[in-house]
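Subject: Structure handover

Hello,

Here is the structure I promised to pass on. Please open it first, then read my notes below.

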Amino acid sequence: MHRFLIATAALALAAPLSAETVAVTADRMLDVETGKYLANPVVVIVDGKITSVTSGGALPQGAEHVDLAGHTLLPGLIDMHVHLDGRPEYGGYSGLEFTDNFSTVLGVVNAERMLRVGFTTVRNVGDSNYNVKALDQAIEEGWTQGPRIVTTNYALGATGGHCDETYLPPSFEARSPGVADSPEDFRVRVREQRKYGAEAIKVCATGGVFSRNTEPGQQQLHEEELRAIADEAHFWGLKVAAHAHGAGGIKAAIRAGIDTIEHASLIDDEGIRLAKERGAWLSMDIYNTDYTQRTGKANGVLEDNLRKDREIAQIQRDNFRKAHKAGVGMVFASDAGVMPHEEIGGQFAVMVEYGMTPLEAIRAATVNASRALGQEGQVGVVKPGAWGDLIAVSGDPLADVSELADVDAVVKGGILVD
């Protein structure tokens, strides 16, 4: 990382703002909506929210000054598909060595690492034991560092499906609290997750890679079940994300009114057309397979899981290119937890390799993601009314998007991350 100057003493992330005013300056700032640079930006943040963005000019009297000279500012990044309570080092059955709350502690470490590499907002799509809701509360209360979290709590799914407990024999009677097998029961599951703090809903429409007795292309919920989930979630004002690798499950989820399609590996031409027509966002994790295939066996991942990952990896990347070319809305999604949270910035270069311009890749992790979250104007932009979330890189991300894999400074809510 490159060194940068701070004009004031280090700001503690957990400290309350107490109506403090912070002014962040740099050489230039990328306006991700227009794609143009603003020279000599002065971003003024009061109580965590941006109040003004100008080119040059005097700093507000008494403001704390975060001086990022020699750097380019961008909005804090957004990852739409993470698992904060997981680590790829514990694949297959290896996680059974540890106590039930081991993953909660992993979440504390992962959240801090994601924040430090520039992701100031994340959507956590499925956990266990309400680990990530607890983490979110600890971050909000100032006990630990991490991004803003939109969490789904338990993912919903069919008995024996990808989001059920599929690794243990009947004697363990292991069953996910998110499992149901009828439209009306799924309405109850939606209400239960919301009751315990879910801000979005995750459902598994197809089989997956990292489960047993499921195949990625296999549809696992009927369209009427998916429609009941989407209808109930929207009734409560919640967005819905559908894990869906297979073409049939993808199309059923889009027709059911689900907001984002996760993975979308085997999407076909009809699915691409439906996504574009109905405004469904594709959330495609096209980077993590490199890590999984390189380290999976050493990390305890079962060969059957590695086999499924190999079979869909290139197809997913090719379909990413095809969907982008067709004009489907795309958001940044890493599936962090399957790969290390601190390495996900490498995906930007892969998104460009498979058809996006650097600006389009940046927009996928900023303005597009904020719209898909339902937080347009609050995150993913640098303008008045938005949270004061910023990152700084030393080079030109429009010329070399890999700059986003080496973030030099992070500001969350006007506070410099130490």
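There are 27 salt bridges in the structure. Keep in mind that this is a predicted model. One of the salt bridges joins the side chains of R87 and E342, at 3.0 Å from N to O. R87 sits in the loop between β6 and α1, and E342 in the loop between β13 (330–331) and α9 (347–353), so this pair ties together parts 255 residues apart in sequence. Are the two partners buried or exposed? R87 counts as buried, because its relative accessibility is 8%. E342 is partly exposed, with a relative accessible area of 28%.

The side chains of R189 and E192 meet at 2.8 Å, N to O. Both lie in helix α3 (residues 183–195), three residues apart, about one turn of the helix. An α-helix has 3.6 residues a turn, so residues three or four places apart point the same way. R189 is buried, at 15% relative accessible area. E192 counts as partly exposed, at 29%.

Helix α3 also has a link to helix α4. E232 forms a salt bridge with R191, with the closest N and O atoms 2.7 Å apart. E232 is in helix α4 and R191 in helix α3, so the pair ties together parts 41 residues apart in sequence. E232 is buried, with 3% relative accessible area. R191 is partly exposed, with 44%. Both belong to a network of salt bridges that links E184, R187, R191, D231 and E232.

Now the domains. The protein is divided into domain 1 (21–75 + 381–417) and domain 2 (77–373). Their centres, taken over C-alpha atoms, are 30 Å apart. Where the domains meet, 22 residues of domain 1 are in contact with 25 residues of domain 2.

In soluble globular proteins, nonpolar side chains tend to be buried together. Which residues touch the most other members of the largest core? They are I261 and L282, out of 94 residues in that core. Strand β1 (residues 21–31) gives the most to this core, with five residues. At least three residues of the core come from each of domain 1 and domain 2. I261 touches A242, A244, I250, A253, I254, W281, L282 and S283, leaving out residues up to four places away in sequence. A second, separate core has ten residues, among them M80, V150, V331 and A369.

Helix α5 is worth a look here. I250, A253 and I254, which I261 touches, are among the buried residues of α5 (residues 247–255). The buried residues of α5 pack against α4 (223–235), β10 (239–244), β11 (260–263) and α6 (269–278). Just after α5, G257 takes a positive phi of about 95°.

Two buried residues deserve a stop. M284 lies in the loop between β12 (281–283) and α7 (288–295). It is buried, with a relative accessible area of 1%. How far is M284 from F320, in sequence and in space? They are 36 residues apart in sequence and 7.1 Å apart in space, C-alpha to C-alpha. V331 is a member of the second core.

The other stop is R148, in strand β8 (residues 148–151). R148 counts as buried, because its relative accessibility is 14% and the cut-off is under 20%. Which residues does R148 contact, leaving aside its neighbours within four places in sequence? They are T120, T121, V122, V379, W387, D389, K412 and G413.

Last, the surface. Y93, L96, L168 and F172 make a nonpolar patch of about 390 Å². Y93 is found in the loop between β6 (77–82) and α1 (102–116). R87 lies in that loop too. Y93 is partly exposed, with a relative accessible area of 33%.

Over to you.

Best wishes

How values were computed:
Residues numbered from 1 in each chain as written. Predicted model: local features only at pLDDT ≥ 70, side-chain atom pairs only at ≥ 80, totals over all residues. Heavy atoms only, no water. Patch = residues over 30% accessible without salt bridge, like charges linked within 9 Å, V, L, I, M, F, W, Y side chains within 5 Å. Areas by Shrake-Rupley, 256 points an atom, 1.4 Å probe, with all protein chains shown as cover. Salt bridge = Lys/Arg side-chain N within 4 Å of Asp/Glu carboxyl O. Helix = DSSP H or I, 4+ residues; strand = E, 2+ residues; numbered from the N terminus. Buried < 20%, exposed > 50% of the residue type's maximum accessible area, 1.4 Å probe, protein only. Core = buried A, V, L, I, M, F, W, Y, C linked by side-chain atoms within 4.5 Å. Domains from an automatic or database assignment. Contact = heavy atoms within 4.5 Å.
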